[in-house]
Amino acid sequence: MFIVAVGTNSAATHNMKKAGADVVATGENAVVYNAKNASLIVGPIGIVFGNSMYGEISPIMAQAISCSEAQKYLIPVSQCSGHVLGIEAKTIQEYIKDFIKEGFICTFTGYFMEYEGVMVMLEAQKILRDQG
């Protein structure tokens, strides 16, 4: 299992590399390129809304992710104007743990703004990789 982590800024990317991603990339072009080639995208719901996450997601990034043929698993967080009604309020770490418990294998980890969420996702990926 090969993990590509793409960040909107160098701090996020650094944290994902530190957490164990095989390859990291940063910025708008990295998002556009990797979204096109991804089979699975996991990230906060804001990645599909232009100008969300305090302006870190450009409209071009959001369009690339939205138009990607990859399966998308969006985590509801409060850093954007998009909200999902009828869901249980949880932390990003709890959503990631639930995602992993369901048995999904992530080959493309999305754009996590919260370091702890990245750690949970990538640590789980390493455990799954080690277990075969």
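**Figure 1. Thr8, in the loop between strand E1 and helix H1.** In this predicted model, Thr8 sits in the stretch of loop that links strand E1 (4–7) to helix H1 (10–19). Is Thr8 buried or exposed? At a relative accessible area of 15%, Thr8 is under the 20% cut-off, so it counts as buried. Its side chain still has a polar partner: look for the side chain of Glu56, with a polar contact of 2.3 Å between the two.

**Figure 2. Helices H2 and H4, side by side.** Here we look at helix H2 (residues 28–37) and helix H4 (residues 59–67), whose axes come within 8 Å. The crossing angle is roughly 10 degrees, and angles under 35 degrees count as roughly parallel, so that is what we call H2 and H4. Which residues of H2 and H4 meet? On the H2 side they are Glu28, Val31, Val32 and Ala35, and H4 brings Ile60, Met61, Ala64 and Ile65. Sorted by type, the residues of this contact come out as seven nonpolar and one charged, with no polar ones.

**Figure 3. Ile60, a closer look at the H4 side.** Ile60 belongs to helix H4. With its relative accessible area at 46%, Ile60 is partly exposed. Once neighbours within four places in sequence are set aside, Ile60 is in contact with Glu28 and Val32. Val32 is 28 residues away from Ile60 along the chain, yet the C-alpha atoms of the pair are separated by 7.6 Å.

**Figure 4. Thr13, a buried threonine in helix H1.** Thr13 lies in helix H1, and at a relative accessible area of 5% it is buried. What joins the side chains of Thr13 and Thr26? A polar contact does, and its length is 2.7 Å. Thr26 also turns up among the contacts of Thr13 that remain when neighbours within four places in sequence are left out; the others are Gly7, Val24 and Ala25.

**Figure 5. Stepping back to the whole protein.** Of the 132 residues, 46% are buried. Take the contacts between residues at least 6 apart in sequence: 62% of them join residues at least 24 apart. The accessible surface comes to about 6,800 Å², and carbon and sulfur atoms account for 53% of it.

Terms used. Residues numbered from 1 in each chain as written. Predicted model: local features only at pLDDT ≥ 70, side-chain atom pairs only at ≥ 80, totals over all residues. Heavy atoms only, no water. Helix = DSSP H or I, 4+ residues; strand = E, 2+ residues; numbered from the N terminus. Buried < 20%, exposed > 50% of the residue type's maximum accessible area, 1.4 Å probe, protein only. Polar contact = N/O pair within 3.5 Å; in protein donor to acceptor, adjacent residues only side chain to side chain. Axes fitted to C-alpha atoms, helices over the stretch in contact; angles between N-to-C directions. Parallel < 35°, antiparallel > 145°, perpendicular 65-115°, else oblique. Contact = heavy atoms within 4.5 Å. Nonpolar A, V, L, I, M, F, W, Y, C, P; charged D, E, K, R; others polar. Areas by Shrake-Rupley, 256 points an atom, 1.4 Å probe, with all protein chains shown as cover.
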